[in-house]
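Q: I should like to learn how to read helices, their packing and a ligand shell from coordinates. Please begin with the terms and then turn to the case.

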Amino acid sequence: PYDRVWNFSAGPSALPVSVLEEVQRDLLNYKGTGMSVMEMSHRSKVYDSIINGAEATLRRVLKVPDNYAIIFMQGGGTGEFAASYLNLFACKSVRDKQRKLGRPLTCDYLVTGSWSKGGLKEVKRLGGTTNVVVDGVKSADSGAVSYSSLAPVSEWNLGKPEETAFVYYCENETIHGVETPSSLVVDAVDPSVPIICDMSSNMLSRPIDVKRFGAIIAGAQKNMGPAGVTLVIVRKDLLEREEPDTEAVRGVPSVLDWQYYASAGSMPHTPPTFAIYVCGLVFKWVEEMGIDALDQLREARAGLVYDMMDKHPDFYRGVVDKQYRSKMNLVFNLPTKELESKFAAEAAERNMVQLKGHRSLGGIRISLYNAMPLEGAQAFVAFMKEFYEANC
Ligand code: PMP
């Protein structure tokens with residue numbers, strides 16, 4: 001009814017229509033307050049119920065245990081690259097371990113694509129001692145590294161638990177289209193070492209076992225809501241600090257300080273009020289849909305597209321090892337750049353937009369997040385078939 005397109009953007013990306021309708025309905029006068037949520041003080045009772053409601057819904061949906069804090073911050077996934085390192089190194093248990101070792105603890109990074117590489121770079125920039133556990137896969141002939149698969153766990157170079165501050169990975173590499181099953185990582189890592197996971201682009205697409213993680217970080221602008229708010233779910237013991245006056249604690253800027261946010265219900269200062277409100281509506285939508293149903297939907301949507309790619313592998317050239325193909329961001333190449341441009345242009349004529357691969361990688365990328373109904377994937381696959389027949 002709104003003349004909307006099938007939006008395959010990698011983020012910010014499509015939101016459920018029913019959520020947008022609710023936002024629209026309440027935009028000028030939120031539930032009799034006479035104002036929009038945008039215009040409301042974050043210190044009002046009404047806003048309290050909005051942010052607390054969002055947190056409570058998310059806690060139910062992901063079954064977040066009580067010993068985990070849920071916080072809404074700003075600074076995006078990128079802010080959390082720094083925040084995870086700085087907060088962990090201010091944490092008492094990590095400091096104690098470091099003192100025992102007598103030298104800096106190492107930060108273990110699984111590099112599976114651009115975003116985990118970005119996390120690693122940020123920690124290096126801040127002076128952290130890093131260890132690359134795995135760096136994509138090496139081609140047997142040329143030795144060149146590519147982010148199209150994951151090396152077997154037996155080849156991972158995990159540090160010794162007593163020397164490691166945390167292990168970091170990005171579960172879904174939005175640019176390279178590689179998804180790392182969390183079970184692989186949580187089973188490989190010693191339970192005494194906290195795991196930090198970037199779930200920016202697959203959060204809420206399936207149930208997760210929160211208690212296996214030290215912290216989960218995620219920008220909202222894919223599966224959760226508009227850009228501007230960042231979610232952190234962190235085990236509360238990792239918020240315990242040494243004396244406030246230590247260098248490590250002073251080194252955490254307030255806007256990246258998990259404890260500062262957790263201790264003030266995410267509102268030690270003005271939060272991104274409207275973005276959190278929309279996230280709360282999306283969390284309610286996820287609860288109504290059921291996270292298990294969304295999990296099945298993601299398998300079904302991605303399955304349709306991958307099946308079509310596998311039918312014509314010389315034309316729709318998938319680059320990612322089948323085992324690690326992302327269910328959220330699907331990447332492939334066509335035989336020529338010209339065909340890729342034609343593909344995107346003809347798709348746009350059929351109301352399917354944002355198909356181009358990331359500027360760093362080229363090719364085609366289609367993102368199938370929660371708000372994409374099965375019909376969107378069906379329409380895309382019908383177009384793939386048509387395009388193949390006309391151009392193969
Ligand atoms: N991690 C992942 C997996 C991402 O996809 C992105 C952004 N697309 C980021 C981190 C960076 O997030 P932001 O742009 O919010 O800083």
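A: Helices (H or I, at least four residues) and strands (E, at least two) are DSSP runs, numbered from the N terminus. Just after α11, Asn351 takes a positive phi of about 70 degrees. Residues are numbered from 1 along each chain as its sequence is written. The model is predicted: local features need pLDDT of at least 70, side-chain atom pairs count only at pLDDT 80 or more, and totals for chains, interfaces and linings use all residues.

Q: What span should the 13 residues of helix α11 have?

A: The expected span of a helix is 1.5 Å times one less than its number of residues. Helix α11 (residues 337-349) should therefore span 18 Å, and its end C-alpha atoms are 19 Å apart, which agrees.

Q: Which backbone features occur at Asp3 and at the peptide bond from Gly11 to Pro12?

A: Asp3, although not a glycine, has a positive phi of about 60 degrees; the residue is found in the segment before β1. The bond from Gly11 to Pro12 is cis, with omega near -5 degrees. Pro12 has its place in the loop between β1 (6-7) and α1.

Q: Which residues are around the ligand?

A: A residue is near a molecule if its C-beta atom, placed from the backbone, lies within 6 Å of it. Here the residues around the ligand are Gly11, Gly76, Gly77, Thr78, Trp115, Cys170, Thr174, Asp198, Ser200, Ser201 and Gly219. Helix α3 (residues 76-90) gives the most to this shell, with 3 residues.

Q: How many residues of the shell are nonpolar, polar and charged?

A: Ala, Val, Leu, Ile, Met, Phe, Trp, Tyr, Cys and Pro count as nonpolar, Asp, Glu, Lys and Arg as charged, and the others, Gly among them, as polar. The shell has 2 nonpolar, 8 polar and 1 charged residues.

Q: How is the packing of two helices described?

A: Two packed helices are described by the angle between their axes and the distance between the axes. Axes are lines fitted to C-alpha atoms, for helices over the stretch in contact, and angles run from 0 to 180 degrees between N-to-C directions. Angles under 35 degrees count as roughly parallel, over 145 as roughly antiparallel, 65 to 115 as roughly perpendicular and the rest as oblique. Helix α10 (residues 291-311) and helix α12 (residues 374-391) cross at roughly 0 degrees, and their axes come within 9 Å. These two helices, α10 and α12, are therefore roughly parallel to each other. The residues of the contact of α10 with α12 divide into 10 nonpolar, 1 polar and 2 charged.

Q: At what angle do helix α1 and helix α9 pack?

A: Helix α1 (residues 17-26) and helix α9 (residues 273-289) pack at about 135 degrees, with axes 10 Å apart. The pair α1 and α9 is therefore oblique. Two residues are in contact if their C-beta atoms, placed from the backbone, lie within 7 Å. Ser18, Val19, Glu22 and Val23 of α1 make the contact with Val278, Leu281, Val282 and Trp285 of α9. By class, this contact has 6 nonpolar, 1 polar and 1 charged residues.

Q: At what angle do α3 and helix α5 pack?

A: The angle between α3 and helix α5 (residues 114-125) is about 55 degrees, and their axes are 9 Å apart. Helices α3 and α5 are therefore oblique to each other. The contact is made by Phe81, Ala82 and Tyr85 of α3 and Gly118, Gly119, Glu122 and Val123 of α5.
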